[in-house]
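I opened this entry to look up a few packing and backbone details. My notes follow the order in which I checked them.

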Amino acid sequence: MREYFFPPYGEKAKPFHNDHLLIEKYGNSVIKERIKNWVPRYVKIVLDHNNEEEDILFLLKINTDGLMEKILKEMEKYPKYFEITGLR
């Protein structure tokens, strides 16, 4: 979903997009290596990142025309998603 979410924010979203990639890598390492003492740090990183997105990025006004339609069209590729989540 990053391909739909970040583009309307332009260059201002780039650091957050890059953070997502690093956070994902770290999270995958936590799972793969099964190092339990890494989990609290991972959770803190995710929460701090989300707070920054809300305080900085999400306050910006962007053009969202047609964005939801694109997302819903993409979701058609994953019909089980709606079944599992209960979204309609």
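**Core, helix pair, loop**

I noted first that this is a predicted model. I looked up the largest nonpolar core and found five residues: Phe6, Tyr9, Ala13, Phe16 and Leu57. I then checked Ala13. Leaving out residues up to four places away in sequence, Ala13 touches Phe6 and Leu57. I kept the general background in mind: nonpolar side chains tend to be buried together in soluble globular proteins.

Next I turned to the helices. I took α2 as residues 14-33 and α3 as residues 39-57. Their axes come within 10 Å and cross at roughly 165°. Angles over 145 degrees count as roughly antiparallel, so I logged α2 as roughly antiparallel to α3. I recorded the crossing of α2 and α3 as left-handed.

I listed who makes the contact. From α2 come Phe16, Asp19, His20, Ile23, Tyr26, Gly27 and Val30. From α3 I wrote down Val39, Arg41, Tyr42, Ile45, Val46, His49, Glu52, Glu53, Ile56 and Leu57. I sorted the residues of this contact into 10 nonpolar, three polar and four charged. Phe16 and Leu57 turn up here, and I had already met both in the core.

Last, I checked the loop between α2 and α3, where Arg34 lies. Arg34 has a positive phi of about 55°, though it is not a glycine. I set that beside the general rule that most residues other than glycine have a negative phi. Is Arg34 buried or exposed? I read 73% relative accessibility, so Arg34 counts as exposed.

Technical notes:
Residues numbered from 1 in each chain as written. Predicted model: local features only at pLDDT ≥ 70, side-chain atom pairs only at ≥ 80, totals over all residues. Heavy atoms only, no water. Axes fitted to C-alpha atoms, helices over the stretch in contact; angles between N-to-C directions. Helix = DSSP H or I, 4+ residues; strand = E, 2+ residues; numbered from the N terminus. Parallel < 35°, antiparallel > 145°, perpendicular 65-115°, else oblique. Left-handed = near helix turned anticlockwise from the far one by under 90°. Contact = heavy atoms within 4.5 Å. Nonpolar A, V, L, I, M, F, W, Y, C, P; charged D, E, K, R; others polar. Core = buried A, V, L, I, M, F, W, Y, C linked by side-chain atoms within 4.5 Å. Buried < 20%, exposed > 50% of the residue type's maximum accessible area, 1.4 Å probe, protein only.
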